[in-house]
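Thanks for asking me to look this over. Please have the model open beside you as you read.

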Amino acid sequence: MKNKKHILEAFHHFIVGFFLTIKGFDKITHHHLIGGLIFTFGIIILLYFLYEISAKKQGRTLKLLVHVFEGLALLFTSYIFFEDGKTYLPYITLAASIGFFISVVVIYNKNRTERT
């Protein structure tokens, strides 16, 4: 059961990293400064995906930081979609960003209760 959960978590990091990398590269080619930031976020998340696959045990603090990082990256992407005048994509990425921030609160509370 834990292995299946681990694979799904890794897959979700891959999807987010791949999406951010493509969107960042697209914005770089259109000469937007924020495109480089989003591209960098995507590459870092893809590197974390590789780390998560190869590591035996992940730290909870690192997982917390990556979720914050993904939430911020999707928030920037949502801003770009709003700026481009897209219809539904900004709301989807905004909902995903909020989901990451909620997961940060859940992971933090879980860590805090396990310490005491």
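1. A word on the basis first. This is a predicted model, in which local features need pLDDT of at least 70 and side-chain atom pairs count only at pLDDT 80 or more, while totals for chains, interfaces and linings use all residues. Residues are numbered from 1 along each chain as its sequence is written, and side-chain values use heavy atoms, with hydrogens and water left out.

2. Let us start with the charged groups. Three salt bridges turn up in a search of the whole structure; the term stands for a side-chain nitrogen of Lys or Arg within 4 Å of a carboxyl oxygen of Asp or Glu. Lys 23, Asp 26, Lys 27 and Asp 84 are joined by such bridges into a network.

3. Helices here are DSSP runs of H or I with at least four residues, numbered from the N terminus. Asp 26 is partly exposed at 28% relative accessible area, whereas Lys 23 is buried at 11%. For these labels, buried is under 20% relative accessible area, exposed is over 50%, and partly exposed is in between, using a 1.4 Å probe and protein chains only.

4. Lys 23 also bridges to Asp 84, again with closest N and O atoms 3.7 Å apart. Because Lys 23 is in helix 1 and Asp 84 in helix 3, this pair ties together parts that are 61 residues apart in sequence. Asp 84 itself is partly exposed, at 31%.

5. Which residue meets Asp 84 in a salt bridge of 2.8 Å, N to O? The partner is Lys 27, and the pair links helix 3 to helix 1 across 57 residues. Lys 27 belongs to helix 1 (residues 2-29) and is buried, with a relative accessible area of 6%. Leaving aside residues up to four places away in sequence, Lys 27 touches His 32, Gly 35, Ile 80 and Asp 84, a contact being heavy atoms within 4.5 Å.

6. Now for the nonpolar side. In soluble globular proteins, nonpolar side chains tend to be buried together. The largest nonpolar core here has nine residues: Val 16, Leu 20, Ile 38, Phe 41, Ile 45, Ala 73, Leu 74, Ile 80 and Phe 100. Helix 1, helix 2 and helix 3 (60-84) each give two or more residues to this core. Such a core is a set of buried Ala, Val, Leu, Ile, Met, Phe, Trp, Tyr and Cys residues joined through side-chain atoms within 4.5 Å. With residues up to four places away in sequence not counted, Ile 80 touches Lys 23, Lys 27, Ile 34 and Ile 38.

7. His 31 has a positive phi of about 65° although it is not a glycine, and it is exposed at 73% relative accessibility.

8. Finally, helix 4. Among the buried residues of helix 4 are Pro 90, Thr 93, Phe 100 and Asn 111.
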